[in-house]
Amino acid sequence: MKAICIDKFVNNYDEVRISEVPSPSPKKGEVLVQIAAAGVNFVDLLYCRGKHQNNRSLVRPPFILGLEFAGTIISSPPHSKFSPGDRVFGGSLGSYAEQISVKESLLHRIPDHWDFVSAAGLAATAPVSYGALITRGRLKRGETVLVHAAAGGLGLMAVQIAKASGAIVIATASSKEKIDVARRFGADKGINYTTNPEWYKEVLDFTGGEGVDVVYDPVGLVDKSLKCLNQKGRILIVGFAGIEGNLESIAMNRVLLRQAQLIGYRFGETERRDPAENVETWKGLKEMWEKGLLKPAVFDQEFRGLESVVPAMKALSERKVWGKAVIRMDGVGRPRL
């Protein structure tokens, strides 16, 4: 089958190639899926270049790139809750391929009103935002949340989950277009942190000088976020997309003075160590989308076929993408939303 296989770490995205690889043979208990669409993630940009912490041990060449997918079940083990022909989505390394074999626990049924493209971009974003905000962050109704990079794949999930929980949402983004997207998905206030480097002052103005209760940070903005955090507030650290290789150094007395809580959330590690928590996360997400409180956020540029993976990765690296760029395999149409 065709797949994006990383035989060695690359220096630039143009070195990423389509390869012919053996089709997967399901191990005991695994489900074989024909992939119809695959989501593009910032982690893909790091994995292919060996720049992610997981590249030290968990993700080493050769491997098939890609983290999330949607498609149709080809085969399933006896007594499985899934049957051939079922439409599913899930998250697992190896999604830039024609087929993938995964554990049943990693799969979820696609709601009837979603197509493959809509579902393909959820498995690596929605549970991260839910786990950080709800499970670790203990978000309460009426609290104010600052969501950084709010028009990204993680950010738009965070905006919707926070709004569904009854929170007031302040969204930061790098352009007016992206702020408009965040507002469209429910944000109450938008701030451009590119044109306003002292954006934290605008946050303080909006909150009457009190600051926010919770910060959702997939970028690496803890330092400035402390300046607009309420006393005893929580900063949820889920990634460092904006500061590749240049991690922040924080004067810890500032954390003390704010009585701040810095909370790291790593969904992949939680999934490995605490499968029961993972089940509860997806249960909460399902309740939200069944009530219409959570919807996919698919970028409006079409990427079709594995040959479009590199252009999609470049667009993501250049910050041209809002929401989730999705690779549409042959015969897959645009999303119905």
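The largest cavity holds about 80 Å³ of space. The model is a predicted one, in which local features need pLDDT of at least 70, side-chain atom pairs count only at pLDDT 80 or more, and totals for chains, interfaces and linings use all residues. Residues are numbered from 1 along each chain as its sequence is written, and side-chain values use heavy atoms, with hydrogens and water left out.

**Cavity and pocket**

- Rolling a probe the size of a water molecule over the atoms shows where empty space is left.
- On a 1 Å grid over the protein atoms alone, a cavity is a set of points where a 1.4 Å probe fits but cannot get out, and a pocket is an open set with protein on both sides within 12 Å along at least five of seven lines; lining residues have an atom within 4 Å of a point.
- Grid points are joined across faces, edges and corners, and a volume is the space filled by probe spheres set on the points.
- One cavity of 30 Å³ or more is found in a search of the whole structure.
- The lining of the largest cavity has 15 residues, and Gly121, Met157, Pro296, Ala297 and Lys324 are those nearest its centre.
- Helix H2 (116–119) and helix H4 (153–164) are the elements that give two or more residues to this lining; helices (H or I, at least four residues) and strands (E, at least two) are DSSP runs, numbered from the N terminus.
- H4 supplies the largest share of the lining of the largest cavity, three residues.
- By type, the lining of the largest cavity has eight nonpolar, six polar and one charged residue; Ala, Val, Leu, Ile, Met, Phe, Trp, Tyr, Cys and Pro count as nonpolar, Asp, Glu, Lys and Arg as charged, and the others, Gly among them, as polar.
- The second largest pocket has about 190 Å³ of space.
- Residues lining the second largest pocket include Lys2, Ile35, Glu98, Leu306 and Met329, and its lining divides into four nonpolar, two polar and four charged residues.

**Aromatic pairs**

- There are eight aromatic pairs in the structure; rings of Phe, Tyr and Trp (its six-membered ring) pair if their centres lie within 6.5 Å, and planes under 30 degrees apart count as stacked, over 60 as edge-to-face and the rest as tilted.
- Trp282 and Trp289 make an edge-to-face pair, because their ring centres are 6.4 Å apart and their planes stand at 65°.
- Trp282 is buried at 8% relative accessible area and Trp289 is buried at 7%; buried means under 20% relative accessible area, exposed over 50%, and partly exposed in between (1.4 Å probe, protein chains only).
- Phe299 and Trp322 also form an edge-to-face pair, with 5.8 Å from centre to centre and 90° between the planes.
- Phe299 is in the loop between helix H10 (275–290) and strand E15 (303–304), and Trp322 is in the loop between helix H11 (309–317) and strand E16 (326–328), so this pair ties together parts 23 residues apart in sequence.
- Phe299 is buried at 7% relative accessibility, and Trp322 is buried at 7%.
- Phe89, Trp114, Trp282 and Trp289 are linked into a cluster by ring pairs.

**Helix H6**

- In helix H6 (residues 199–206), the buried residues are Trp199, Tyr200 and Val203.
- Seen down the axis of H6, these residues fall within an arc of 105°, so they line one face of the helix; the arc is that of the directions from the helix axis to the C-beta atoms.
- The buried residues of H6 pack against strands E9 (144–147), E10 (168–173), E11 (189–192) and E12 (212–217) and helix H7 (222–225), where contact means heavy atoms within 4.5 Å.
- Gly208, with a positive phi near 65°, follows H6.

**Two buried residues**

- Ala97 lies in the loop between strand E6 (87–91) and strand E7 (99–103) and is buried, with a relative accessible area of 0%.
- Not counting residues up to four places away in sequence, Ala97 touches several residues, among them Met1, Ile64 and Leu306.
- Thr281 lies in helix H10 and is buried, with a relative accessible area of 1%.
- Leaving aside neighbours within four places in sequence, Thr281 contacts Pro127, Tyr130 and Thr135.

**Backbone**

- The peptide bond from Pro61 to Pro62 is cis, and its omega is near -5°.
- His79, a residue other than glycine, has a positive phi near 70° and is exposed at 85% relative accessibility.
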